[in-house]
Amino acid sequence: MANIQLSVNPSAKAAIFEALQAGVSENTALIKEAEIYLKTVESTPVFHLTLIEIITNTSIDVKVRWLASVYFKNGIDRYWRKNTSNSIPEGEKAILRQKLISHINEPVLQVATQLAIIISKIARYDYPKEWPELLPSLLHLVRTEDDLVQQRALLYLHHVTKSLASKRLAGDRRAFQDLSSEMYSYVYALYSHINQTLLQQMETSNADIVGATMEKALLCLRVMRKLTVHGFKTPHQTNTVMEFVQASYERIKNLLQYRQMILSNDSLLALCEKYLVVHCKVLRDLLDFHPFSFVPFIRMTVEFVLHYLFKPENQVLLFDSFVVQSLNLVKGIVLCAEYRPAKVIEDTKEPATLEAYRIKSEVLTPDSLSLMCRQLIENYLLLSQEDLHLWETNPEEFAAEEGGEAWKYSLRPCTGCLFLSLFHEYQSILSPVLISMLNESMGLIPPNDMSRIIKKDALYNAIGLAAFELFDEVDFDRWFSQVLLQELRVKESNYRILRRRVVWLLGRWIGVKLSVDLRPLIYETVLGLMEPGEDLVIRLSSAVTLRSALDDFEFNAEQFLPYLERSFSLLFTLLKETEECETKMNVLNVMSLLIELLGNQMKPFLGTLLQLLPALWDASDEHNLLRCAIISTLVHVVKGVGSNTEDLLHCLLPVVAYSTDSEQPAHVYLLDDALALWQAMIESLSQANPQVLQLLNNMPQLLELGSENLIICCDILKAYIYLCPDEFLAMYGSRIVNVLMEQIVDMRPEGEMRVMSVIESMLVNRPETAASIVSPILPFVVSSLLDGSSTALIITSFFSAISRVVLASKEIFFQVIAEVARREKQTPEFVLDKFMTLWIDKMSSVFALEKKKLLAIALASLLTCQSDIILDKVCGIFMRICETINDILPPTDSGEEIDRLVYAPGHVQADEGEEEVDNEHLKRYISTRRSVDPVFTLPLPTYFRNQIAQLEAQVGSARFQDMTQTVDNETLEMMRNFLSHQPRNNQL
């Protein structure tokens, strides 16, 4: 491949051409080398001009031309904008635009499609300012007599219109509306002409001619769809738009009839069905984007759907995707918020809403609604032959729940959504219909009557979907005991359909209406259907129902205990036997819930699970969602085993290490769950080994990712600090503080509080060591306080950290003040004076008693640091300390002086509770507070007396008396009371 390197010189153009030839070869080494070369030259001026010459030269191999068009398309995103580096020069752009629009007769559809996308991307940037002739040229070319040119012009016009319509800025939307008003009549006239030609050809011409015309009609219809939906603020005020929409119903009718004539022509049939579906999408888009403009078509739409979808004689004309679009259209009408009047109809202000409500009431009569209800169940909720074949060949895929947006394209989910919407809106009309159908179906069906079994399956499906609406209509306990249990006991092959549906039905009704007394029978039934001898689909459905039973509000753990071992064993067997990633995830989710609800009782069974999970983790390296489920299960396992996590570290550490490594591509999927596992693990440990500490190597990069995971990352850091403060501070303290210092500058208040909680945790556990480590971040804290922009909670958090530094090392505190003064170009005395004034002033906004006492202790400690600036403020300092002492001394009958925050044996803090703590981290947290935190070990009144005595000794009695003269009388009286009191409790 040496002949395509940059250093070789046949010419740059020839080298690009040869690289593209290599890129379509079957030699992977050549392909990779070609990709590297093309990447190096894609930003050179000659690159895109060379590509356009290759694309437009029809004598070159089509694969090479197609690859060139792909590189050209990708280059638009990278180099077409003016403000990008290596952007394509304006002169070159003009040449490229001219060559693109002139190559309108591209013979190969795949290449033409790429060209259409290229032109649409350029139009998004350049139309109309730099490329005003684009649309006039295309509109002229679509009128040509040359079929190929007309088809390509319509293809280009479709993609350009689609691109311009997708722009969402207000100015761009107005520009598209102006464009639509100019070209709508022209395009509609063209579409009408093509469609009229198509109708004539459908009667007389052969399939090839009809197909060519239908392709053009389809492209033109797609253009009309974008213009109609996005080109007008109020489409109903434009007669041409309303004429186009109204004509759609007749066109759909003609196309449905024509479709019956071409069932043997696969390509034309597919094209015709696509054309029909786009007609439906026009109606649906108009309803979604302009509901008031759709009001004139409500009656026509409902009557059309009733005629074709709910009359058996017309159902032969239908196909699934058309049915899906039609049913979704009716659902849109039923649920449209703009068609709902006020509760008191006379209060409705919008006339169009009242008109829509009136039309809906006239067309959705009790008879038509009853017909729709029955037909939806008996025709459209049925399991198809394709479904049954999938059940046989791939049971796990069949059992996968069709959630999300499956209703947009899949028939049964779509039918279920419409049925539920109708039932919710018209419950009083449809409940008797459904109950009547249920009564008609009572009794066992012969196992060989497959048709009736499938219809009953659909009926049970409907009753499950409408469970909440049928609460007062169905006695589920009686129905289950007398009917459903009997059906579950029939073991013939065909009856698996009903057994699976009945167990699904149980899951739907458990949370709606099921007596507590029946729960054991339900557990027994569900677990019986999970036995290995059962059909796999039924076993998987039973697992889902078991989850519903566990997740129910009325779940009673004691009642479930007799079934615990069996249920876990059956789930474990199911987990081993299934193969699909999604299936294993679902089973793991049930097991996780079981562990969460029955933590301690699960301990005997967790060893078996933990033997399987590492192997499952290794086998799922390409299935990140499954790995997320594994991590989530491990979180519940860790919480379930409590303080015995050390035995699980061999399984947990590799998972956490891998999933929190930002260098691993999979971390974007696994990180959230992995952080939860890391937190649960570290909080349950009683000691940290070197491997646990090594996990912290991943933390700096995680903190740099931003605020998304900041909360849990800070919680993990605090757990480490309380678990192993010496090792943490020695090995990672400075590194973590430096990262936090970089991040806190741009954080919101919530983030600042989280960071300060980490800083304060260090200072609580190892005050002297931590004060030095956290000092780099403290100038930011002081400066933030001085600028006055912080909220009350942040001010409290900042002052708490500063107070602990003062108690740990006054030298570091004054160094921080000096550093702030240097940065602000002020004297340290000025900054200290301003800071102390702020401290005294802001203490009145500190409401948390613990924080208030901490600030008061720090103020008291500063009294003896022999600073004249601080001594000048003794009035404010004394006042704040006395206020705090008043707050922490509860009134007692004995007159004892008891600091309510100080822990004494036999005295339990109010916020800690009386119960036993089964969390290692919480135990350490409480123990640290009681043993080393001055807020909970130091009686403030006693400390204040000692500081006053020391201050008087330092300055002398005369000066001390002069200082007290500045104190207000109320504060002075409180001081005298405290100083004269001889405490009998909480002695230092």
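Okay, a working term to begin with: buried means under 20% relative accessible area. That cut-off matters for Glu469, because at 14% relative accessibility Glu469 counts as buried. And before I go further, keep in mind that this is a predicted model.

So where is Glu469? It's in the loop between α22, residues 450-465, and α23, residues 476-488. And what does Glu469 touch, once we set aside residues up to four places away in sequence? Leu420, Phe423, His424 and Gln427.

Let me say a word on confidence. The chain averages a pLDDT of 89, and 96% of the residues score at least 70. Over residues 1-10 the pLDDT stays under 50, and the model has 20 contacts for them beyond four places in sequence. Residues 983-988 are also below 50, with 18 contacts in the model beyond near neighbours in sequence. Where pLDDT is low, the predicted coordinates should not be read in detail.

Thr525 is in helix α25, residues 519-528. Buried or exposed? Thr525 has 12% relative accessibility, so it counts as buried. Its contacts, leaving out residues up to four places away, are Phe480, Leu485 and Leu488. As for Arg489, it sits 36 residues from Thr525 in sequence, with 10.0 Å between the C-alpha atoms.

Arg225 is another one to look at. You'll find it in helix α10, which covers residues 207-230. Its relative accessibility is 19%, so Arg225 counts as buried, the limit being 20%. Beyond four places in sequence, Arg225 touches Lys281, Val282 and Asp285.

Now set those against Thr608, in helix α30, residues 599-619. Thr608 comes out at 38% relative accessibility, so it counts as partly exposed. Ser569 is 39 residues away along the chain, and the C-alpha atoms of Thr608 and Ser569 are separated by 9.4 Å.

Next, a whole helix: α3, residues 45-56. Which of its residues are buried? Phe47, His48, Thr50, Leu51, Ile52, Ile54 and Ile55. What covers the buried residues of α3 includes α1 (12-23), α2 (28-41), α4 (62-79), α5 (90-102) and α6 (109-126).

In soluble globular proteins, nonpolar side chains tend to be buried together. Here the largest nonpolar core has 358 residues, and Phe294, Trp678, Tyr720, Phe835 and Trp839 are the ones with the most contacts inside it. Helix α12, residues 266-289, gives the largest share of this core, 13 residues. Let's zoom in on Tyr720. Leaving aside neighbours within four places, Tyr720 is in contact with Trp678, Ile682, Val692, Leu693, Leu695, Leu696, Pro725 and Phe728. Trp678, then, shows up among the contacts of Tyr720 and in that list of most-contacted core residues.

About 60 Å³ of space lies in the largest cavity. Its lining is Tyr249, Ile252, Cys280, Leu283, Thr301, Phe304, Val305, Phe322, Ser326 and Leu329. Sorted by class, that's eight nonpolar, two polar and no charged residues. The helices α11 (239-261), α12, α14 (298-309) and α15 (320-335) each supply at least two residues of that lining.

Last stop, the second largest pocket, with a volume of about 770 Å³. It's lined by 31 residues, and the closest to its centre are Ser757, Glu760, Glu850, Lys851 and Tyr925. How many of the lining residues are charged? In this pocket, 11, alongside 14 nonpolar and six polar. Which helix gives the largest share of the lining? That would be α38, with seven residues. The helices that each supply at least two lining residues are α36 (710-723), α38 (749-765), α41 (792-808), α44 (849-862), α47 (920-931) and α48 (934-937).

That's my tour; over to you for questions.

Definitions and conventions. Residues are numbered from 1 along each chain as its sequence is written. This is a predicted model: local features need pLDDT of at least 70, side-chain atom pairs count only at pLDDT 80 or more; totals for chains, interfaces and linings use all residues. Side-chain values use heavy atoms; hydrogens and water are left out. Helices (H or I, at least four residues) and strands (E, at least two) are DSSP runs, numbered from the N terminus. Buried means under 20% relative accessible area, exposed over 50%, partly exposed in between (1.4 Å probe, protein chains only). Contact means heavy atoms within 4.5 Å. pLDDT is the predictor's confidence in each residue, from 0 to 100. On a 1 Å grid over the protein atoms alone, a cavity is a set of points where a 1.4 Å probe fits but cannot get out, and a pocket is an open set with protein on both sides within 12 Å along at least five of seven lines; lining residues have an atom within 4 Å of a point. Grid points are joined across faces, edges and corners, and a volume is the space filled by probe spheres set on the points. Ala, Val, Leu, Ile, Met, Phe, Trp, Tyr, Cys and Pro count as nonpolar, Asp, Glu, Lys and Arg as charged, and the others, Gly among them, as polar. A nonpolar core is a set of buried Ala, Val, Leu, Ile, Met, Phe, Trp, Tyr and Cys residues joined through side-chain atoms within 4.5 Å.
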